[in-house]
Amino acid sequence: VQLQASGGGLVQAGDSLRLSCAASGLTFSRYGMGWFRQAPGKEREFVAGIIYSGRSIYYADSVKGRFTISRDNAENTVYLQMNSLKPEDTAVYYCAADLYGGDPHGDYAYWGQGTLVTVSS
């Protein structure tokens, strides 16, 4: 199983970025997908999740109204659209897969390598 995250970069506060996570080696439509992030010196935290069917979506309070998670099961890819970025969004962002899950407390068995998002003020 491979999860390849991409799309990170250096942006200014207020800008937007779209992260992608391409999955291979698993039956993507059976997996809930989540985005997590870890800022320097902080613990990893849940950002957003989407269940395998796409019918339920979860967000951390800190990103509600600014971030949107979506998935394309035909492309085996999950996205995280991030708008109105803030300096406190600076972190390494990871995608993860949870069999038939996707909620904040799911059992995420597979993880991508992470992509760095840096938001300058």
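Me: Among contacts in the protein chain between residues at least 6 apart in sequence, what share join residues at least 24 apart?
Reply: That comes to 57%. Keep in mind that this is a predicted model.

Me: OK, and what is the chain built from? How many helices and how many strands?
Reply: The protein chain has 0 helices and 11 strands. Reading from the N terminus, the elements go β-β-β-β-β-β-β-β-β-β-β.

Me: How does the radius of gyration fit with a compact globule?
Reply: It agrees: a compact globule of 121 residues would have a radius of gyration near 14 Å, and the protein chain has 13 Å. Along its principal axes, the C-alpha trace spans about 40 × 25 × 25 Å.

Me: What percentage of the residues count as buried?
Reply: 44% of the 121 residues in the protein chain do.

Me: Switching topic. How many disulfides are there, and which cysteines are in them?
Reply: There is 1 disulfide in the structure. Cysteine 21 pairs with cysteine 95, and their sulfur atoms sit 2.1 Å apart.

Me: Remind me, what is a disulfide in general?
Reply: It's a covalent bond that joins the sulfur atoms of two cysteines.

Me: Which parts of the chain does the cysteine 21 and cysteine 95 pair tie together?
Reply: Cysteine 21 is in strand 3 and cysteine 95 is in strand 9 (residues 91–99), so the pair ties together parts 74 residues apart in sequence.

Me: Are those two cysteines buried or exposed?
Reply: Cysteine 21 and cysteine 95 are both buried.

Me: Why is the disulfide called right-handed?
Reply: Because the torsion about the S-S bond of cysteine 21 and cysteine 95 is about 60°.

Me: What about serine 20, where is that found?
Reply: Serine 20 is in strand 3, which covers residues 17–24.

Me: Why does serine 20 count as buried?
Reply: Because its relative accessibility is 18%, and the cut-off for buried is under 20%.

Me: Which residues does serine 20 touch, not counting those up to four places away in sequence?
Reply: It touches Gln4, Ala5, Ser6, Trp35, Thr77, Val78 and Tyr79.

Me: Trp35 is on that list. Where is tryptophan 35, and is it buried or exposed?
Reply: Tryptophan 35 is found in strand 4. It is buried, at a relative accessible area of 0%.

Me: How far is the C-alpha atom of tryptophan 35 from that of glycine 114?
Reply: The two C-alpha atoms are separated by 9.7 Å, while the residues are 79 apart along the chain.

Me: Now the rings. How many aromatic pairs does the structure hold?
Reply: It holds 6 aromatic pairs. One of them is phenylalanine 36 with tryptophan 111, a tilted pair at 4.8 Å centre to centre with 55° between the planes.

Me: Where in the chain are those two?
Reply: Phenylalanine 36 is in strand 4 (residues 31–38) and tryptophan 111 is in strand 10 (residues 110–111). They are 75 residues apart, and the pair links distant parts of the chain.

Me: Buried or exposed, those two?
Reply: Phenylalanine 36 is buried, with a relative accessible area of 7%. Tryptophan 111 counts as partly exposed, at 31% relative accessibility.

Me: What is the geometry of the pair of tyrosine 108 and tryptophan 111?
Reply: That pair is tilted, with 6.2 Å centre to centre and 55° between the planes. Tyrosine 108 counts as buried at 9% relative accessibility.

Me: Which residues do ring pairs link into a cluster?
Reply: Phe36, Phe46, Tyr108 and Trp111.

Me: Where does arginine 44 lie?
Reply: Over the face of phenylalanine 36, at 6.0 Å from the ring centre. Arginine 44 also lies over the face of tryptophan 111, at 3.9 Å from that ring centre.

Me: Last topic, the backbone. What is phi of asparagine 76, and where is the residue found?
Reply: Its phi is near 55°, a positive value in a residue other than glycine. Asparagine 76 is in the loop between strand 7 (67–72) and strand 8 (77–82), and it is partly exposed at 26% relative accessible area.

Me: And what about tyrosine 100?
Reply: Tyrosine 100 has a positive phi too, near 55°. Its place is in the loop between strand 9 and strand 10.

Notes: Residues are numbered from 1 along each chain as its sequence is written. This is a predicted model: local features need pLDDT of at least 70, side-chain atom pairs count only at pLDDT 80 or more; totals for chains, interfaces and linings use all residues. Side-chain values use heavy atoms; hydrogens and water are left out. Rings of Phe, Tyr and Trp (its six-membered ring) pair if their centres lie within 6.5 Å; planes under 30 degrees apart count as stacked, over 60 as edge-to-face and the rest as tilted. Helices (H or I, at least four residues) and strands (E, at least two) are DSSP runs, numbered from the N terminus. Buried means under 20% relative accessible area, exposed over 50%, partly exposed in between (1.4 Å probe, protein chains only). A charge sits over a ring if NZ of Lys or CZ of Arg is within 6 Å of the ring centre and within 35 degrees of the ring normal. Contact means heavy atoms within 4.5 Å. A disulfide is a pair of cysteine sulfur atoms within 2.5 Å. The radius of gyration is taken over C-alpha atoms; the globule rule is 2.2 Å times the number of residues to the power 0.38.
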